[in-house]
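I opened this model today to look up a few side chains and strands. My notes follow in the order I took them.

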Amino acid sequence: DLSNNRLSGPLPTQALDKNNVLQFLSLRENNLSGPLQATTSGTNVSASATHGLGTLRRLTHLDLAQNSLTGAVPYDWRHLQNLSYLSLSQNSLTPAPIPNFLDEFSNLRELSLQGLNMTLGIPGWLGRLSNLELLDLSFNDLEGSIPRDVFDLPSLTYLMLHRNRLTGNIPPDLV
């Protein structure tokens, strides 16, 4: 746990690329900056704050909230299917929909994507994450109605969707 420090810049990529046993990584509330994925410019690949995270397949807890990370959620994170906790909240990500590959994260109990400029709507596949206990999609630009399947999640205890542009009706059996 390296949270709530004054760490800045990108992570050393060698430290992440070579660690095949890491299960818990919290860098919450630091000053990390740069893109979530490596960027290619000609023949140079710039290091990124999270280069190598997609290789950490034993990771169960990933918290990068409250930093200055940019870019999009990398597609190679689809390999992090052991995650039970994922928080990227309050970073400066590129406006984008909620990544579809998260629908395969069946162990996920807490998903916090607060204040990330997420767009489009709340995907119906979130209703298949049956272990989800906390879902925080607040402070985004999500539109449309809330899929009924989200309300039917058997373990969901906390649902935070405030400060979006959601429309429609709340199912009458929930009020």
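Entry 1: I started at Tyr75, which is exposed, with a relative accessible area of 54%. I keep in mind that this is a predicted model. Next I looked up Phe101, which counts as buried because its relative accessibility is 10%, and the cut-off for buried is under 20%. Phe105 is buried as well.

I then asked how many aromatic pairs the structure holds. I found two. Tyr75 and Phe101 form an edge-to-face pair, 6.0 Å centre to centre, with 80° between the planes. Tyr75 sits in the loop between β6 and β7, and Phe101 in the loop between β8 and β9, so this pair ties together parts that are 26 residues apart in sequence. The other pair, Phe101 with Phe105, is tilted: I noted 6.0 Å centre to centre and 45° between the planes.

Entry 2: I turned to the strands. Three of them form an open sheet in the order β2-β6-β8, with parallel pairing. β2 and β8 are the edge strands, as each pairs on one side only.

I went through the partners of β6. Strand β2 (residues 33-35) is joined to β6 by three bridges. On the β8 side (residues 92-93), I counted two bridges to β6. There, Gly71 stands opposite Leu93.

Which residues of β6 are on its covered face? They are Leu69 and Gly71. Ser68 and Thr70 are on the uncovered one. I recalled that side chains in a regular strand alternate between the two faces of the sheet.

**Entry 3: Asp63.** I looked up this residue in strand β5 (residues 61-63). Is Asp63 buried or exposed? I found Asp63 buried, with a relative accessible area of 4%. Its side chain makes a polar contact of 3.5 Å with the side chain of Tyr85. Leaving out residues up to four places away in sequence, I listed what Asp63 touches: Leu25, Ser26, Leu27, Arg28, Tyr85 and Ser87.

**Entry 4: the core.** I ended with the largest nonpolar core, which has 38 residues. Leu62, Trp77 and Leu126 have the most contacts inside it. I followed up Leu126. Beyond its neighbours within four places in sequence, Leu126 is in contact with Ile98, Leu111, Leu135, Leu137, Val150 and Leu153.

Key:
Residues are numbered from 1 along each chain as its sequence is written. This is a predicted model: local features need pLDDT of at least 70, side-chain atom pairs count only at pLDDT 80 or more; totals for chains, interfaces and linings use all residues. Side-chain values use heavy atoms; hydrogens and water are left out. Buried means under 20% relative accessible area, exposed over 50%, partly exposed in between (1.4 Å probe, protein chains only). Helices (H or I, at least four residues) and strands (E, at least two) are DSSP runs, numbered from the N terminus. Two strands pair if DSSP finds at least two bridges between them. A polar contact is a pair of N or O atoms within 3.5 Å; within protein, one must be able to donate a hydrogen and the other to accept it, and residues adjacent in sequence count only if both atoms are side-chain atoms. Contact means heavy atoms within 4.5 Å. A nonpolar core is a set of buried Ala, Val, Leu, Ile, Met, Phe, Trp, Tyr and Cys residues joined through side-chain atoms within 4.5 Å. Rings of Phe, Tyr and Trp (its six-membered ring) pair if their centres lie within 6.5 Å; planes under 30 degrees apart count as stacked, over 60 as edge-to-face and the rest as tilted.
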